[in-house]
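This report walks through a multi-chain model.

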Amino acid sequence: MTRTFLGMPATAPRGVGHLRGDEPFPVAARRSLADAQLRRNLGHATGTIRAKSAAVIGEVPDWEELREAGRAIKADTMARLPELLQQLETAVTAAGGTVHWAADAVEANRIVTDLVTATGSDRVMKVKSMATQEIGLNEALEAAGIEPVETDLAELIVQLGRDKPSHILVPAIHRNRAEIREIFLREMPGVDPALTDEPAVLAAAARRHLRRTFLSTRVAISGANFAVAETGTLAVVESEGNGRMCLTLPDTLITVMGIEKVIPTWADLEVFLQLLPRASTGERMNPYTSMWTGVTPHDGPQDFHLVLLDNGRSAMLADEVGRQALHCIRCSACLNVCPVYERTGGHAYGSVYPGPIGAVLSPQLTGVEDNASLPYASSLCGACFDACPVKIDIPSILVHLRAEHVTAYRNEHRLPSAEAVTMAAAAYTMDHLPLYEAAQRRSRLTRFAGRHGRGLPPPLSGWTVGRDLPQPPPQTFREWWVQR
Amino acid sequence: MHLDVLIHRLTDYGAAVHRCADDEVAHVVDAILGGRRVVIPSGLPRHWLPDTVEALADDNLPTERIATADGVVTAAAVAVAETGTVILDAAADQGRRIITLLPDVHICVLRVDQIAAGVPDALARLDPRRPLTWISGPSATSDIELNRVEGVHGPRNLHLVIVPRGSHHSLDPVGDPHSLPQA
Amino acid sequence: MRIALFVTCLADTLFPEAAKATVRLLERLGHEVVFPQDQTCCGQMHINTGYPGEALRLVRRHVRAFAPYDVVVAPSGSCVGSVRHQHALVARRAGDERLASQAEEVARRTYELSELLVDVLGVTDLGAYYPHRVTYHPTCHSLRMLRVGDRPLRLLRAVRGLDLVTLPQAEQCCGFGGTFAVKNADTSTAMLADKMRHVLATGADVCTAGDASCLMHIGGGLSRLRTGVRTVHLAEILASTEATAGPIEQPQPRTGGVPL
């Protein structure tokens with residue numbers, strides 16, 4: 001067993017994994033916004049899920065109490081995370097599992113690759129897992145000559161299409177049925193050329209395609225939705241049965257889990273098993289949930305490894321405002337209600353964690369300067385906070401991270417940014433009444449910029465691309481007040 | 001009342017629900033799987049099986065044999081009315097997890113007194129040391145345009161047979177699941 | 001009742017009609033309105049852009065200006081939201097616990113206009129008259145930070161002559177978001193386009209809201225498209241009476257509506 005102490009928090013290392021985009025959000029968003037098909041696909045999908053989720057949440061009379069309970073359990077967990085993780089390790093070990101501690105993506109990839117190599121298998125099957133996406137495990141396995149096969153339908157669509165996931169729950173949400181049919185016809189060996197774009201037909205094609213893989217692959221890799229410290233029980237929540245296949249059929253199971261997924265007690269599951277499906281897929285309960293504790297003789301994998309992944313999480317924990325992003329149970333409700341996500345899709349965020357939660361998770365995992373545009377990728381409308389089943393105050397974290405970015409920039413550059421100069425000047429002006437009133441009078445000069453703002457410098461000129469400027473009135477309110 | 005809620009939820013998911021006396025279960029199984037090959041866990045009450053099925057008792061059957069079966073018949077540990085869920089805990093009348101996974105038809109026999117009102121109640125009845133499978137309707141996916149479509153990798157047909165209180169009780173001894181007697 | 005007007009820098013400078021209407025309305029209801037002259041800006045723009053340090057002096061100024069008053073009203077959900085949810089945080093972040101508790105005290109006495117009318121003054125029928133087809137956009141901060149709920153709608157329903165039409169997908173953000181509209185102008189414009197489409201679908205000739213900032217955004221877009229649909233602050237509608245409402249046009253200049 002390898003063991004790394006959780007002390008000395010570090011951010012997720014560069015050069016590995018998928019937490020950083022190649023370009024700032026506004027640049028990537030511009031390209032997505034130009035894709036009319038993408039906008040239609042996203043609008044349809046998020047509209048559907050919002051309606052479904054609202055209906056089943058409406059059935060639960062104590063939904064607000066459940067949300068509060070979820071928040072409280074997570075806050076308690078974060079307050080004593082090291083203790084709970086050690087308790088989990090003890091319980092898993094006692095039940096016949098092996099626990100590994102990975103400080104970052106590099107270490108986690110090495111641990112998993114070594115474990116697979118030791119089995120002699122050159123192929124692994126995978127259950128959809130955000131943690132393994134985060135660390136770029138598939139690339140690490142491929143580099144070691146091991147073929148990773150994604151078994152979740154959406155992940156399969158993404159993998160076959162050599163695409164990137166764009167949603168936490170439904171990674172292929174940006175694809176409609178016609179596009180999925182084309183990908184299957186092009187990339188799925190032996191697929192029926194008469195394949196239609198009926199979702200049931202497409203699902204059946206995936207069933208046939210993966211059946212052999214399930215029956216013949218001896219190693220599986222999963223994530224975990226929850227890990228119960230008290231009992232050592234792991235839980236995977238899914239729909240298709242590919243999770244059950246991976247958790248049941250192979251000889252060896254390797255579960256990679258972010259350290260924040262631990263919950264204190266067995267009874268705590270009652271809160272999250274009620275919150276997650278309704279907030280996530282809009283179902284009263286998802287079709288399948290598997291729970292296992294270590295190894296059960298003659299039933300399921302006889303070799304079980306749990307890899308506890310830090311990769312920037314301990315660093316997040318040190319931030320009193322930002323740490324609540326670790327409460328996330330990856331339901332993706334915030335994506336589905338976000339007006340920004342609905343229009344730009346997930347790829348614009350650059351990280352495997354898109355949407356509002358991604359905009360607060362990714363910059364904290366990597367250090368804010370590596371994802372400096374993400375905290376600004378929100379109008380702060382607050383829909384995400386309302387939708388979050390564990391009440392993460394995403395808008396407040398976004399505002400907090402904007403300040404972190406400003407501070408980091410200030411510390412790294414000798415000269416202040418133009419924005420910082422403007423902001424300081426504006427604050428000074430607004431704190432001196434004569435200056436403020438003079439500025440008000442001056443603002444009338446923008447009348448000469450015209451309604452289309454042709455006289456304005458960037459970035460203010462960006463405003464006038466699609467909107468007319470308000471025309472300053474002949475008299476400010478305070479001038480009127482004095483005269484009346 | 002829990003029973004009505006459970007039936008409503010299960011039907012909503014596309015599962016078929018049958019209600020009968022304990023000694024009529026075999027008729028229901030016959031109607032669904034008569035003439036077919038059926039895997040059964042070692043502790044399944046034999047009177048639930050009609051003569052018309054080819055029974056394949058799971059005494060550590062190899063995966064390939066289980067995969068050739070048309071269906072599987074098991075008991076259940078607990079059901080959750082509120083969410084339309086049946087939970088298997090690998091007791092002798094439910095068997096190893098694999099047997100309810102590969103066959104395309106799963107017939108699950110449930111006693112009325114095994115129905116819990118909600119998730120908290122169900123968790124309290126379960127032993128976390130056992131491997132647990134929570135099943136809410138047939139295998140499904142929402143990955144294509146977020147519409148729920150039944151039938152991906154798990155059994156595409158789920159039948160719940162609900163029998164009265166006091167019917168067959170599992171003979172599985174309560175205790176450490178890691179030392180369960182295996183068939 | 002003696003009520004201090006927190007005018008907001010935006011209404012003071014660019015949309016004085018909303019503030020004047022707030023004054024006229026409260027005076028018509030028999031209340032005394034005072035205007036603390038030292039007020040300028042609540043600092044929300046600074047806080048939300050990442051400059052809480054710079055905002056500190058504005059929080060201090062705001063608290064100083066409004067501490068003497070028992071009731072404070074602003075014709076803005078967003079600025080009241082900042083006072084209520086951000087001012088104390090900014091003070092605490094700077095280690096000024098005394099300012100934080102003063103800010104909390106001011107926040108407790110600060111109301112958005114519809115909150116003041118319905119909750120504090122206990123009125124919904126203000127005797128207003130406004131013969132137009134109107135749709136209401138619930139701005140995000142009124143809706144989610146302040147939870148004003150249906151208060152503005154109850155006030156509008158009591159206005160004589162007003163034909164209130166429901167805005168489809170009303171709760172979707174208009175895309176303003178302060179600095180967001182500048183830093184992510186393309187996404188903001190896409191959100192605005194959908195909001196305008198929904199406004200136009202109602203057939204209303206006036207779109208109203210409780211925030212001048214969002215109205216500036218929506219109004220700027222509607223003006224660019226030359227739709228003929230105007231944006232009017234909730235306060236102006238509630239302040240209108242038979243005596244003030246012209247048969248065709250409101251007398252006040254509107255967003256983008258004044259030719260050079």
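Which residues of chain C does the UniProt annotation "domain: Cysteine-rich" cover? The record, an unreviewed entry, places this annotation on residues 3-82 and 134-218 of chain C. UniProt positions follow the numbering used here, feature names are shortened, and annotations may be inferred rather than shown by experiment.

## Basis of the model

This is a predicted model: local features need pLDDT of at least 70, side-chain atom pairs count only at pLDDT 80 or more, and totals for chains, interfaces and linings use all residues. Residues are numbered from 1 along each chain as its sequence is written, while chains are lettered from A and ligands numbered from 1 in the order in which they are written.

## Chain C: annotated spans and domains

Take the annotated spans of chain C. Residues 3-82 of chain C are 56% helix and 11% strand, with end C-alpha atoms 19 Å apart. Residues 134-218 of chain C are 48% helix and 12% strand, and here the end C-alpha atoms lie 14 Å apart. Helices (H or I, at least four residues) and strands (E, at least two) are DSSP runs, numbered from the N terminus.

Chain C is divided into domain 1 (2-120) and domain 2 (133-239). The bounds come from an automatic or database domain assignment. The centres of the two domains of chain C, taken over C-alpha atoms, are 22 Å apart. Contact between them involves 25 residues of domain 1 of chain C and 22 residues of domain 2 of chain C. Two residues are in contact if their C-beta atoms, placed from the backbone, lie within 7 Å. On the domain 1 side, α1 (9-13), α2 (16-28), α3 (44-49), α5 (77-85) and α8 (113-120) of chain C each give two or more residues. α2(C) gives the most, with 6 residues. By class, that side has 12 nonpolar, 9 polar and 4 charged residues. Ala, Val, Leu, Ile, Met, Phe, Trp, Tyr, Cys and Pro count as nonpolar, Asp, Glu, Lys and Arg as charged, and the others, Gly among them, as polar.

## M145 of chain C

M145(C) sits in helix α9 (residues 140-145) of chain C. Is M145(C) buried or exposed? M145(C) is buried, because 23 other C-beta atoms lie within 10 Å. The cut-offs: buried means 20 or more other C-beta atoms within 10 Å of the residue's own, exposed means 12 or fewer, and partly exposed lies in between, with C-beta atoms placed from the backbone.

Leaving out residues up to four places away in sequence, M145(C) touches G382(A), G81(C) and H85(C). M145(C) and S82(C) are 63 residues apart in sequence, yet 8.9 Å apart in space, C-alpha to C-alpha.

## Chain A with chain C

Of the 2 pairs of chains in contact, chains A and C share the most contacts. Chain A brings 52 residues and chain C brings 58 residues. On chain A, the elements that supply at least two residues each are α1 (25-33), α15 (339-344), α18 (394-412), α19 (418-430), α20 (433-443), α21 (460-463) and α22 (477-483). α18(A) gives the most, with 5 residues. This side of chain A has 29 nonpolar, 13 polar and 10 charged residues.

Chain A itself is divided into domain 1 (1-414) and domain 2 (418-483). Their centres, over C-alpha atoms, are 45 Å apart.

## Chain A with chain B

Here 53 residues of chain A meet 41 residues of chain B. α10(A) gives the most to the chain A side, with 9 residues. That side divides into 28 nonpolar, 18 polar and 7 charged residues. Chain B and chain C do not touch, and their nearest C-alpha atoms are 20 Å apart.

## A sheet across two chains

How many strands form the open sheet? The sheet has 8 strands, in the order β8(A)-β5(A)-β6(A)-β9(A)-β9(B)-β6(B)-β5(B)-β8(B), with mixed pairing. Its edge strands are β8 (262-263) of chain A and β8 (115-116) of chain B, each pairing on one side only. Strands pair if DSSP finds at least two bridges between them.

β9(A) and β9 (residues 132-135) of chain B run antiparallel, joined by 4 bridges. Y288(A) stands opposite I135(B) in β9(B). Within chain A, β5 (residues 226-228) runs parallel to β8(A), with 2 bridges. A227(A) stands opposite V262(A) in β8(A).
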